[in-house]
Amino acid sequence: MFGAVSDSLQIFLKYSRYVSVLKWLTLSLFAYFGTMLVVHVPWDEVAHGLFIPKFTTNAGFWTSVVGMLGTIISPFFSFGRRRRKSKTRKPSAIVRIRLDTHIGMALFNLVAWRSSLGDAACQRM
């Protein structure tokens with residue numbers, strides 16, 4: 001459903017309007033950080049699980065692992081295509097694109113981690 005709405009917005013809205021929609025949607029991701037302020041998070045368990053993970057044979061566990069890896073790895077494919085296209089650009093533009101890519105991926109991973117952590121903390125309640 002979200003994909004169909006996103007595709008429709010890309011087709012029917014002007015680019016400048018679509019960019020403003022995406023900016024507001026991106027701003028909504030800060031709700032994950034707000035959730036972390038409201039929900040009690042056992043930080044000692046989080047640190048332990050982050051550095052010493054516990055693997056199980058449960059199908060739900062492995063489904064979650066595949067889903068997490070899919071959402072984390074998928075953006076790298078699009079950045080790889082962008083990198084191949086950038087070989088014809090000026091070196092200064094390539095440095096800017098590389099920096100933008102690294103910052104974007106770092107923020108993406110932070111939000112994805114916070115999202116997963118917030119979901120887990122809410123489920124424990």
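Select α1 (2-12) and α2 (15-27): each supplies at least two residues of the lining of the second largest pocket. Helices here are DSSP runs (H or I, at least four residues), numbered from the N terminus. This is a predicted model, in which local features need pLDDT of at least 70, side-chain atom pairs count only at pLDDT 80 or more, and totals for chains, interfaces and linings use all residues. Residues are numbered from 1 along each chain as its sequence is written, and side-chain values use heavy atoms, with hydrogens and water left out.

Now show Phe-2, Val-5, Ser-6, Leu-9, Gln-10, Tyr-18, Val-21, Leu-22, Leu-25, Thr-26 and Leu-29, which line this second pocket. A pocket is an open set of points on a 1 Å grid over the protein atoms alone, where a 1.4 Å probe fits, with protein on both sides within 12 Å along at least five of seven lines; lining residues have an atom within 4 Å of a point. The second largest pocket holds about 280 Å³ of space.

Next, select α4 (43-51), α5 (59-85) and α6 (91-124), each of which gives at least two residues to the lining of the largest pocket. Its volume is about 1,100 Å³. Of its 26 lining residues, Gly-49, Met-68, Ser-116, Leu-117 and Ala-120 are the closest to the centre. α6 contributes the most to this lining, with 11 residues.

Finally, keep α4 and α6. To see their contact (heavy atoms within 4.5 Å), pick Trp-43, Glu-45, Val-46 and Leu-50 of α4 with Trp-113, Arg-114, Leu-117 and Arg-124 of α6.

Technical notes. Grid points are joined across faces, edges and corners, and a volume is the space filled by probe spheres set on the points.
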